Amino acid sequence: ETYLKSKAEVARFFGVSVGSIERLKCRGLPYVKVGGLVRFKPEDLAAFVDARIHGQDARVQAPGDLT
């Protein structure tokens, strides 16, 4: 089941603080406004991570599932 993620869920997934998620939004992390709430699409989070892979043949093994 795919659904929109909260800032807290994204912060836990990335292993950072909610404040860091706010800073990442300013640096291009895509988000959706739902009323007054900020939410994140799992496929946008995956694309954001994939766009930041460094090194030849770099692979990311996520600690949890984005969906």
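In what order do the elements of the protein run from the N terminus on? The order is α-α-β-β-α, made up of three helices and two strands. Helices (H or I, at least four residues) and strands (E, at least two) are taken here as DSSP runs, numbered from the N terminus.

Before I go further, a word on the source. The model is a predicted one, in which local features need pLDDT of at least 70 and side-chain atom pairs count only at pLDDT 80 or more, while totals for chains, interfaces and linings use all residues. Residues are numbered from 1 along each chain as its sequence is written, and side-chain values use heavy atoms, with hydrogens and water left out.

Let me begin with the chain as a whole. The protein has 67 residues, of which 21% are buried. Buried means under 20% relative accessible area, exposed means over 50%, and partly exposed is in between, with a 1.4 Å probe and protein chains only. As to contacts, meaning heavy atoms within 4.5 Å, I consider those between residues at least 6 apart in sequence: 50% of them join residues at least 24 apart.

I turn to the core. In soluble globular proteins, nonpolar side chains tend to be buried together. A nonpolar core is defined here as a set of buried Ala, Val, Leu, Ile, Met, Phe, Trp, Tyr and Cys residues joined through side-chain atoms within 4.5 Å. The largest such core has eight residues: Val10, Ala11, Ile21, Leu29, Val38, Phe40, Leu45 and Phe48. Two or more of these residues come from each of α1 (7-14) and α3 (42-50).

With neighbours within four places in sequence left aside, Ile21 contacts Lys7, Val10, Ala11, Phe14, Val16, Leu29 and Phe40.

Helix α2 covers residues 18-26 and packs against α1 at an angle of about 100°, the axes being 8 Å apart. Axes are lines fitted to C-alpha atoms, for helices over the stretch in contact, and angles run from 0 to 180 degrees between N-to-C directions. The two helices are therefore roughly perpendicular, the class given to angles of 65 to 115 degrees, whereas angles under 35 count as roughly parallel, over 145 as roughly antiparallel and the rest as oblique.

Which residues meet in this pairing of α1 and α2? From α1 come Lys7, Ala8, Val10, Ala11 and Phe14, and from α2 come Val18, Ile21, Glu22 and Leu24. By class, seven of the contact residues are nonpolar, none is polar and two are charged. In that scheme Ala, Val, Leu, Ile, Met, Phe, Trp, Tyr, Cys and Pro are nonpolar, Asp, Glu, Lys and Arg are charged, and the others, Gly among them, are polar.

Now the buried faces of the helices. In α2, the buried residues are Ser20, Ile21 and Lys25. They lie on the same side of α2 because they cover an arc of only 150° around the axis, the arc being that of the directions from the helix axis to the C-beta atoms. These buried residues pack against α1 and β2 (37-39). Lys25 itself counts as buried because its relative accessibility is 15%. After α2 comes Gly28, with a positive phi near 110°.

In α3, Pro42, Leu45 and Phe48 are buried. Their arc is only 120° around the axis, so they share the same side of α3. The cover over these buried residues includes α1 and α2.

Leaving aside neighbours within four places in sequence, Arg39 contacts Leu4, Lys5, Ser6, Tyr31, Val32 and Val34. Arg39 and Lys7 are 32 residues apart in sequence, with 6.7 Å between their C-alpha atoms. Leu37, also in strand β2, counts as partly exposed because its relative accessibility is 44%.

Ser6 lies in the segment before α1 and is buried, with a relative accessible area of 17%. Beyond residues up to four places away in sequence, Ser6 touches Val38, Arg39 and Phe40. Ser6 and Tyr31 are 25 residues apart in sequence, and their C-alpha atoms are 9.8 Å apart in space.
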